[in-house]
Amino acid sequence: MTTVRKLLAVLLLLLAPVMAMAADVSQQKAKLDGLGQQIGTIETSIGEKATDDTALVKLRISLDTFSKSLIDFGVSLRPRINEINARLTSLGDPPKEGEPAEAVEVSEERKALLEEKAQNNALLGEAESLSIRASRAIDRIGDLRRDLFTNTLFQSTDVEGALGRDVFETFARELTRATQQLTSRVQFMYSFRTSELLYALTLSLFVGLATWFGVRRMFGAFGRTGSGDAVDNSYINRLSLAFWSTTVPSLAMAAALAVAYSLFDYFGVFTPQTGDLTEALLVSVAAIFFIQRLANALLSPGHPERRLILVSDRAARVLVAFLIALAVIHVVDYFIGRSNEIFSAPLNLTVAKSLISSLLISAVLVMIALVKPFHDGESGRAYGWPAWIRIPLLLIAIFIIAAAVSGYIGLARFAAAQVVVTGAILATMFIGVQAGQVMAAEGVFPHSTIGTRLKQTFSLSDTALDQLGLALSFVVYAAVFIIGLPLILLQWGFNQLDIQTWLYRILTDIRIGNISISLIGILFGLVVFVVGFLVTRRFQRWLDGTVMARSRVDPGVRNSIRTIVGYTGIALAAVIGLSAAGFDLSSLAIIAGALSLGIGFGLQNIVSNFVSGLILLAERPFKVGDWIVAGNTAGFVRKISVRATEIETFQSQTVILPNSELINSAVGNWHHRNHRGRIEIPVGVAYGIKPRRVHELLLEVASKEPRVLKTPPPSVVFRGFGDSALDFELRCHVPEVLDGVEVATNLRYEIVEAFERENIPIPFPQRDVNLKIEDIEKLADAIEAARTRKGGSRPAAKI
Amino acid sequence: MKSVVYAIAALALSAGLAHAATITNKDGAAIMVTVTEGGQQSEVGIGPGQSVSVCAGGCFVTMPNGDREALSGGENVEISGGKATIK
């Protein structure tokens with residue numbers, strides 16, 4: 001018995017992998033079957049809900065997730081397929097004819113593996129066909145929705161019939177029915193599911209309170225900056241206040257409502273109908289809240305100093321009331337519409353409510369158009385909107401009324417709804433664009449609240465902040481259009497997925513001929529370059545300031561290394577950035593090849609300078625700070641760049657010398673190996689003075705000057721017998737050639753003083769003039785005659 | 001300023017990660033793969049040594065040897081000897 005058990009156990013152990021495999025495939029199969037059923041259900045509900053746009057949108061979303069789960073399913077098979085493939089490869093191909101037969105185990109295993117692989121392939125094929133089915137269903141939903149849209153817009157309805165007496169009766173009946181359903185549900189929940197109801201209520205209440213406190217806390221600060229003691233009511237601050245006080249509370253509100261809804265849903269409080277109804281109610285509440293915040297932000301009736309559209313106080317109050325009225329009418333219409341759909345009310349009810357709401361909205365529009373919001377500062381007379389606002393408003397109102405009265409209720413309703421919804425989106429975009437414009441204006445951003453705070457935190461300069469403001473304004477523009485335009489397109493019947501696809505295409509794949517440009521790629525490349533640039537600068541600073549400064553490297557070498565590191569880093573960053581942006585560097589090589597011809601001719605000078613610059617940096621015939629003489633230019637080297645070298649002359653003129661000149665012609669460098677220099681002072685003494693005494697004196701003077709080097713010793717050269725003097729020259733070396741002029745001056749003073757002490761005259765050139773005139777006596781007589789004529793008493797000059 | 005740059009870099013990185021899958025033909029001859037994406041089957045020819053980008057949002061691919069694969073995007077597929085290796 002035990003042996004049988006043991007055998008059984010061994011058999012089981014041997015079979016385990018095979019069974020696991022079978023279980024695996026059948027498990028996956030079951031999963032795929034589940035997915036197949038899912039698409040079946042979705043397809044049936046598309047047929048059932050063909051006239052319900054909201055339901056179609058929901059089905060569409062579920063189809064998207066369904067397609068994703070199909071791909072996920074396919075990907076989940078991959079590890080096993082890889083395993084099988086790897087094993088098959090290691091087993092090798094089956095032996096061909098004539099080759100020795102392989103072991104039975106091997107061929108068995110291969111067979112099993114191939115079978116499993118085929119099964120997996122079949123599963124994938126099935127998933128593929130399911131994905132095709134899902135896409136077809138998505139297309140069908142698109143068609144259905146398009147049809148629905150055109151039908152609702154251009155279907156003519158009998159208005160008189162819709163407004164008959166029975167409409168009100170129907171309405172009353174439907175209302176009672178809805179109320180009954182709701183109350184009975186609430187009663188049911190209250191009596192049988194008390195704890196769930198309580199949980200949902202408490203948690204939602206908690207979420208609501210938390211959101212409320214959070215937003216209040218945040219806007220406490222904003223409120224203070226807006227109206228506190230330090231009143232800063234610059235336009236940009238008003239705008240940011242308006243923007244944040246509209247969007248943040250609205251989003252918080254929407255989030256809180258969504259959380260509350262899902263809580264109720266989670267605790268099973270809703271039936272499908274009450275759930276949909278509550279959803280519609282919550283959407284309505286959020287919409288009214290948003291429009292109320294928006295209107296208050298734009299017009300702020302209570303605080304004229306925060307107003308963005310500068311209308312009079314009275315007009316602000318009236319306009320806010322009108323705008324909220326528009327929102328309420330639209331939302332009530334939406335809510336009734338939804339509940340009509342949910343409770344499948346008769347069509348004439350829907351027609352009636354659309355008619356009434358469209359007419360009401362156009363009435364409010366007319367009233368808004370007729371408001372006189374501005375008043376003249378001098379005469380105090382109120383005047384109305386400019387024509388470009390008033391006339392379109394009136395035209396839209398007339399259009400809605402005309403459409404409604406002539407029976408195109410759907411069109412009227414659509415136009416009225418767009419006035420409210422698109423209007424609200426446009427108003428928000430207006431605030432955003434304005435904020436962008438103001439931010440981009442010069443000198444505004446550094447003085448705004450955010451600017452001041454940034455300045456304090458990051459200690460930025462005003463210029464940097466100004467540039468940041470400009471950059472931010474672009475970000476704001478982009479955000480406004482990227483968020484706003486799709487929202488408007490959605491309102492006008494475009495498909496969410498279409499918009500997503502367009503956006504994706506625009507960002508990743510703009511095709512021009514064979515070239516595809518990816519904006520994200522380019523942006524990414526740019527970011528990589530900027531990061532590389534910053535890293536290089538940082539590394540340069542670290543290398544120069546920390547490593548090289550501490551290892552006492554010569555400043556000139558430091559400069560060379562820093563420059564080389566800088567150029568290498570930037571080149572690397574550029575190359576990495578380019579490849580990150582998706583440019584093929586190999587194609588760049590071709591361009592470089594083509595360009596090299598051009599470089600050979602056109603850019604010859606620049607390239608030669610560039611190469612010379614590299615040689616200068618590597619070979620270092622001179623360093624920054626050296627006193628060099630190149631051609632007619634002499635001065636200190638201030639900067640060695642790759643193309644040119646800056647030289648500051650002693651007159652403080654900066655000369656930019658192309659590097660090729662410094663490489664191709666001789667350059668004198670006073671500071672190359674050492675800073676030593678020789679000075680020569682020529683001096684002459686009168687004939688008759690003992691030359692050896694002069695020699696001694698000069699050497700004595702030189703030895704007394706502390707800045708003259710002892711080795712090599714100063715020397716005196718007796719240069720020759722000049723016209724009027726014996727010419728000597730004192731030559732001495734100074735350790736710093738820059739001091740040469742000063743030392744020479746000192747030595748000259750000393751020489752003059754020493755010669756004076758020793759009574760050695762320094763002669764100057766003398767000329768003996770010999771006049772040879774024949775009749776000198778006659779000349780003397782003539783002078784004498786002239787003097788006596790003048791009555792002069794001075795004796796004649798003796799000649 | 002730097003933190004702004006880092007934030008943008010992180011953003012761009014995360015955006016850059018969503019990529020199409022790439023199929024590279026390592027064989028000496030041109031091959032044909034069948035790509036099913038968005039409900040449409042299309043034959044994609046890949047020349048020797050060439051690579052193509054397919055399906056940004058996930059797709060099913062049938063390889064030259066009849067093997068099927070599901071790609072979720074971002075994979076690098078190399079085909080040699082008609083067999084696909086996914087990286």
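Chain A holds 23 helices and 12 strands. Chain B has one helix and eight strands. The model is predicted. In chain A the mean pLDDT is 82, and 90% of residues reach 70 or more. The two chains touch: 19 residues of chain B are in contact with 25 residues of chain A.

**Chain make-up**

- Chain A has 799 residues, of which 23% are buried.
- Chain B has 87 residues, and 25% of them count as buried.
- The order of elements in chain B, from the N terminus on, is α-β-β-β-β-β-β-β-β.
- In chain A, 70% of the contacts between residues at least 6 apart in sequence join residues at least 24 apart.
- In chain B, residues 24 or more positions apart make up 45% of the contacts with a separation of 6 or more.

**Confidence**

- Among the elements of chain A, strand 12 (residues 726-734) has the highest mean pLDDT, at 94.
- Strand 3 (residues 510-512) of chain A has the lowest among these elements, at 64.
- Residues 223-231 of chain A have pLDDT below 50. Beyond near neighbours in sequence, this stretch makes six contacts in the model.
- Where pLDDT is low, the predicted coordinates should not be read in detail.

**Interface between the chains**

- On the side of chain B that touches chain A, 19 residues of chain B meet 25 residues of chain A.
- Two elements of chain B, helix 1 (2-17) and strand 6 (68-71), each give two or more residues to this side.
- Helix 1 of chain B gives the most, with seven residues.
- By class, this side of chain B has nine nonpolar, six polar and four charged residues.

**Nonpolar cores**

- The largest nonpolar core has 56 residues. The residues with the most contacts inside this core are I291(A), I361(A), L365(A), I400(A), A412(A) and A415(A).
- Several helices of chain A each supply at least two residues of this core, including helix 7 (235-266), helix 8 (272-299), helix 10 (347-370) and helix 14 (462-491).
- Helix 12 of chain A provides the largest share of this core, 14 residues.
- A second, separate core has 33 residues. Its members include I81(A) and A127(A) from chain A, and I23(B) and L71(B) from chain B.
- In soluble globular proteins, nonpolar side chains tend to be buried together.
- A412(A) touches S358(A), I400(A), A403(A) and A404(A), leaving aside residues up to four places away in sequence.

- L153(A) lies in helix 3 (residues 104-154) of chain A.
- L153(A) touches G410(A), L411(A) and F414(A), not counting residues up to four places away in sequence.
- L153(A) and L411(A) are 258 residues apart in sequence, yet 4.3 Å apart in space, C-alpha to C-alpha.

**Helix 9**

- Helix 9 of chain A has 30 residues, which should span 44 Å at 1.5 Å a residue. The C-alpha atoms at its ends are 43 Å apart, which agrees.
- S344(A) follows helix 9 of chain A and has a positive phi, near 45°.

**Helix 21**

- Helix 21 (residues 691-704) of chain A has 14 residues. From first C-alpha to last, helix 21 of chain A reaches 20 Å, close to the 20 Å expected at 1.5 Å a residue.
- Its buried residues are V694(A), L697(A), L698(A), V701(A) and A702(A).
- Seen down the axis of helix 21 of chain A, these buried residues fall within an arc of 135°, so they line one face of the helix.
- An α-helix has 3.6 residues a turn, so residues three or four places apart point the same way.
- The face turned away from the buried side of helix 21 of chain A carries the exposed residues R692(A), R693(A), E700(A) and K704(A).
- The buried residues of helix 21 of chain A pack against strand 10 (677-685), strand 11 (715-721), strand 12 and helix 22 (740-757) of chain A.

- H672(A) sits in the loop between strand 9 (667-669) and strand 10 of chain A.
- H672(A) is partly exposed, with 15 other C-beta atoms within 10 Å.
- H672(A) and R620(A) are 52 residues apart along the chain, and their C-alpha atoms are separated by 9.5 Å.

Conventions. Residues numbered from 1 in each chain as written. Chains lettered and ligands numbered in written order. Predicted model: local features only at pLDDT ≥ 70, side-chain atom pairs only at ≥ 80, totals over all residues. Contact = placed C-beta atoms within 7 Å. Helix = DSSP H or I, 4+ residues; strand = E, 2+ residues; numbered from the N terminus. Nonpolar A, V, L, I, M, F, W, Y, C, P; charged D, E, K, R; others polar. Core = buried A, V, L, I, M, F, W, Y, C linked by C-beta atoms within 7 Å. Buried ≥ 20, exposed ≤ 12 C-beta atoms within 10 Å, placed from the backbone. pLDDT = per-residue confidence, 0-100. Expected span 1.5 Å × (residues − 1). Arc of directions from axis to C-beta.
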